[in-house]
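Colleague: I have a model open and want to learn to read it. Could you take me through the features one by one?

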Amino acid sequence: MAELHQTPTSLCCCRKSLSMSGARCVGDSRWPSEASGLGSPRCPLVDVASASNFRCFQLRHFHLDLRLNFAMKEISCWLVLDLLPIQPGVNTLVLDSHPSLLIHSIDCKVPMDSQEEPVSLTYRVDPFTDYGSSLNISLPTAAVKPGRLIQITVRYTTTDGPAIWWLDSELTCGQSHPLVFTQGHSVCNRSFFPCFDTPAVKSTYTATVRVPDGVTVLMSASRSSYSKQERVFTFSMEFPVPSYLVALVAGELQHVDVGPRSRVWAEPCLLSCAVKKLGGSVEHCLGVAEELFGPYLWGRCDIVFLPPSFPIVAMENPCLTFIITSILESSEFLLIDVIHEIAHGWFGNAVTNATWEEMWLSEGLATYAQRRITTEAYGEAFTCLETVVRLDALHRQLRLLGDNNPVSKLQVKFESGVNPSTLMNLFTYEKGFCFVSYLSQLCGDVRRFDCFLRDYISEFKFKSVVAQDLIDFFLRYFPELQDAAVAQREGLEFERWLSDCGPPLCEPDLSAGVSLIQPVQDLCDLWRTSDPPDLQTLMTFDISAWSTFQIVLFLDRMLDHSPLPHDVMVSLSNCYSSLFDGLNAEVQIRWLQMVVRNTFYPDLPRVRAFLHKHTSRMYTVPLYEDLVVGVMKCIAIEIFYQTQRRLHPNLRRTLQQILFQTSNTQTNPSSPPPPIMDPSPSTPPPNSTHSPPAATVTVSTTSAGTAVAIALRDVNVSA
C-alpha cells in the first residue's frame with residue numbers, strides 16, 4: 001500500500017494457473033476445498049500479481065540478515081530460503097523481485113549433505129510489471145529432487161524501493177533522529193527481499209538486524225532480543241505469515257506497557273500522548289474479541305505510532321500494528337482503527353485471502369468482526385452510527401464510479417499489470433461487510449454466527465483461502481441453510497454477491513442507531529433549504545455535545561449538497577467554524593473542504609493554517625484536490641511551495657501531479673474525505689442494474705486508477 005495514489009501502467013504480466021496441490025507451505029489440507037460449492041466445478045486459481053513459480057516449491061522458512069545504513073539509505077542483506085521442491089523436473093526458481101534490489105550473488109546448498117560446499121548459481125532479472133520484476137535462478141539439477149530440502153542464499157542491497165521509507169530527522173515527529181519503516185501491502189515487499197510475493201504462501205521467518213547506536217528496531221515477529229554489545233536485534237516469527245506481513249521499523253523509539261501482552265511504541269515526544277489516548281482499550285478489546293472469535297493466536301499485540309509520512313492510516317502487521325500519529329487527534333477514529341487491526345489478528349492474518357482478487361475475505365470479515373467487537377464493548381448505537389458514516393461513503397463512491405464499474409465487485413479480475421494496491425477501496429471493506437452481515441442474518445442468531453466464525457478460524461488458521469472455502473464451510477456448518485438453498489435465493493444469490501458490480505444486494509438493519517443518526521439528518525434538513533435556518537431553531541441542536549462521528553456525518557452530508565448558497569455558508573461559518581477550530585482534524589478537514597468547494601474566502605486562512613500544520617497524505621491530498629478544481633489553484637500552489645520541504649518525497653510527487661496535472665488519472669473531488677481505515681455506512685442503496693458475471697469484466701489499469709483516486713478522497717484507508 002505504499003504509494004496508493006500511483007496509477008500503474010500496463011506492462012507484461014502473465015496470468016498463471018496455480019497447481020491444485022503443493023502451493024501451501026503450511027499443513028496438508030485440501031486447497032482449494034474439495035466440496036462441490038455452488039454447483040459448479042472449481043476453476044484453477046490464478047495470481048496475476050506474482051511472477052514466481054511458488055507452486056513448484058514449499059517454503060519452509062526464511063531468514064533475513066540486515067545491516068541498516070541511514071547515511072546511504074540502504075540495507076545490506078542476506079536472504080536464506082529453506083525450500084522443498086514438490087514437482088519433478090523443475091530446474092529454475094523464480095522469485096518476485098524489484099529493479100531497486102541490487103543482487104550481488106546467489107548460491108545453493110543441501111543442508112542434509114554436510115560435505116557439500118555451497119554452489120554459486122547463475123540468475124537473470126526479467127521485467128514483470130511496473131511494480132516488480134522476476135528473479136530467475138538456475139538450480140543445479142543434481143541437488144533438486146522432490147522432497148529434498150535445499151537452501152538458497154541471496155546477497156543483495158536495497159535502494160529506493162516502494163517498500164522501504166527512509167525519513168530524514170526533519171520528517172519525524174521529534175525531528176532529532178532519522179527513521180525507517182517498511183510497508184509491504186499489497187505487493188511492495190518484493191522490493192524489500194526477493195520472495196514468493198503472494199498471499200497464497202505462508203511461512204515462518206527469523207531476522208537479524210544490525211544498526212547504529214541509539215536505534216531501536218521492531219519487526220512483526222512473535223519473539224525478539226537485543227545484544228547491546230554487538231548492537232544486534234534478533235527476531236523470530238514462529239507462526240506462518242505471507243510475505244506482505246513482514247514489517248520493520250527502526251529509529252528513536254520508546255515503549256510503555258499498556259497490558260499483559262501489549263505495549264505502545266512511539267518517538268519519545270509522542271509516547272505519553274499515545275498511551276493516554278489508548279489507555280486500557282487494547283487489552284479490553286482483545287478480551288472481547290477472544291470471547292467472540294476464540295483465542296488470540298499471535299502472543300503479542302503491540303502498536304507503534306509512525307510519523308505523518310506513513311502512507312496509510314494503519315497496517316495490521318502481526319504482533320506489531322503500525323498506526324499513523326496523525327490519527328491521535330481523534331479518539332473515536334483511533335479506537336475504530338485499533339479495533340479493526342485487532343480484528344485482523346483473526347481475519348486477514350490468521351486466515352488470509354489466497355489472491356488479491358478476493359481481498360474482501362480479509363477486509364470484509366475484519367470489518368464485520370470490528371463491528372461485533374464495538375457492539376459488545378461500546379453499544380449497538382455507536383456501531384450503527386460508525387457504519388452509517390462508512391456506507392454513506394460507499395454510495396458516494398458508487399455515484400462517482402457508476403454501478404457497472406468492475407472495481408465494485410467482491411471477486412475482481414485483474415488485467416495484466418494492475419497493481420493490487422489500487423483495489424484497496426470501499427467495496428472490499430463495506431460491500432464485503434454487507435455480505436458477511438447477510439450470512440449472519442441467514443443464521444437468525446448473531447451468536448450462532450459468532451460460533452461459526454470461531455470454528456472457521458480454527459479450521460483454516462495459518463492458511464490461505466478463497467471465497468469458495470468460506471461458502472462451502474458455511475453451508476456445511478449450517479446444513480439446514482444448504483437444504484433451504486439459501487445460496488440460490490432469488491435476488492440474493494451468493495454468486496451475485498461475489499461477481500455483480502454495484503451496491504450491496506442488501507444492507508444490515510441500522511435502526512438501533514436512530515437516536516444518534518436522526519438528529520444529524522434533522523439538522524442537515526434545516527440547512528439544506530435555500531435560506532439559513534433561524535437561530536432559535538438551531539439552538540435546539542447542541543452539536544458541541546455530539547460525538548466526532550455525528551459531526552463527521554453532518555459535514556459529509558452537507559458536502560454532498562455543495563455548492564451551497566453564499567448566505568448559508570456565512571451562517572454555517574458564524575455558527576460552527578470557531579467550534580470546529582477546537583475539534584480534531586477529521587472534523588476540520590471536512591469543514592475546510594466545504595470552504596473550498598463553496599469558494600468561501602472568509603475562512604480561507606483556516607485552510608492555509610491546516611495545510612501548514614498537517615503533512616500526512618490523509619489530510620493534504622483531499623484539500624489539494626479540491627483547491628485545484630476551483631479558482632483557488634494559485635493559493636494551493638503557493639501553500640505547496642511554502643510547505644514542500646516538510647513533506648515526504650512520495651507525497652510531494654503526488655501533490656505535484658495534482659497541482660500540475662502530470663498524472664494520467666484525473667480525479668474528481670466531489671465527495672468528503674472521510675474517516676480512517678475502512679470506509680462505509682448509509683441507508684439502503686437505490687435499485688441498480690447489475691453487470692454481467694465476473695468472467696466478462698476485468699479491472700483495467702484505468703478503472704483501477706480512477707477508483708483508487710476516488711477511494712482515497714472518500715475515506716482514509718487502512719489495511
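Modeller: Start with handedness. A crossing is left-handed if the near helix is turned anticlockwise from the far one by less than a right angle, and right-handed if clockwise. Keep in mind that this is a predicted model.

Colleague: Which hand does the crossing of H14 and H15 have?

Modeller: H14 and H15 cross in the left-handed sense.

Colleague: What else describes a packed pair?

Modeller: Two packed helices are described by the angle between their axes and the distance between the axes. Here, the axes of H14 and H15 cross at roughly 155 degrees and come within 11 Å. Angles over 145 degrees count as roughly antiparallel. H14 is therefore roughly antiparallel to H15. On the H14 side, the contact is made by Met569, Leu572, Ser573, Ser577, Phe580 and Asp581. H15 supplies Val587, Gln588, Trp591, Met594 and Val595. By class, that contact has seven nonpolar, three polar and one charged residues.

Colleague: At what angle do H13 and H15 pack?

Modeller: About 15 degrees, with the axes of H13 and H15 9 Å apart. That makes the two helices, H13 and H15, roughly parallel. H13 also passes H15 in a left-handed crossing. From H13, the contact uses Thr548, Ile551, Val552, Leu555, Asp556, Met558 and Leu559. From H15 come Glu586, Val587, Arg590, Trp591, Gln593, Met594 and Arg597. The classes in the contact of H13 with H15 are eight nonpolar, two polar and four charged.

Colleague: How do H3 and H13 lie: roughly parallel or roughly perpendicular?

Modeller: H3 covers residues 331–343 and H13 covers 548–559. Their axes come within 8 Å and cross at roughly 100 degrees. H3 and H13 are therefore roughly perpendicular to each other. Glu332, Phe333 and Ile336 of H3 meet Thr548, Phe549 and Val552 of H13. Four residues of this H3 and H13 contact are nonpolar, one is polar and one is charged.

Colleague: Now the sheets. What should I look for?

Modeller: Strands of a sheet pair through backbone hydrogen bonds, either parallel or antiparallel. E13 pairs with E14 (residues 232–241) in the antiparallel sense, over five bridges. Within that pairing, Ser227 stands opposite Val232 in E14.

Colleague: What is the order in the open sheet of three strands?

Modeller: E3-E7-E6, with antiparallel pairing. E3 (92–97) and E6 (123–129) have a single partner strand each, so one side of each is left without a neighbour in the sheet. From one strand to the next, the twist averages 25 degrees.

Colleague: How many bridges join E6 and E7?

Modeller: Six, in the antiparallel sense. E6 and E7 form a hairpin, with two residues between them. Thr129 stands opposite Gly132 in E7, and Tyr123 stands opposite Ile137 in E7.

Colleague: Which residues does a cis peptide bond join?

Modeller: One case is Ser562 and Pro563, with omega about 5 degrees. Pro563 is in the loop between H13 and H14 (566–581). Another cis bond runs from His185 to Ser186, with omega near -5 degrees. Ser186 lies in the loop between E10 (179–182) and E11 (203–210).

Colleague: Which residues does UniProt list for "binding site"?

Modeller: The unreviewed UniProt entry lists His340, His344 and Glu363. They span 24 residues in sequence, yet no two of their C-alpha atoms are more than 9.1 Å apart, so they gather at one spot. Of these, His340 is found in helix H3.

Key. Residues numbered from 1 in each chain as written. Predicted model: local features only at pLDDT ≥ 70, side-chain atom pairs only at ≥ 80, totals over all residues. Heavy atoms only, no water. Axes fitted to C-alpha atoms, helices over the stretch in contact; angles between N-to-C directions. Helix = DSSP H or I, 4+ residues; strand = E, 2+ residues; numbered from the N terminus. Parallel < 35°, antiparallel > 145°, perpendicular 65-115°, else oblique. Contact = heavy atoms within 4.5 Å. Nonpolar A, V, L, I, M, F, W, Y, C, P; charged D, E, K, R; others polar. Pairing = 2+ DSSP bridges. UniProt positions renumbered as here; feature names shortened; annotations may be inferred.
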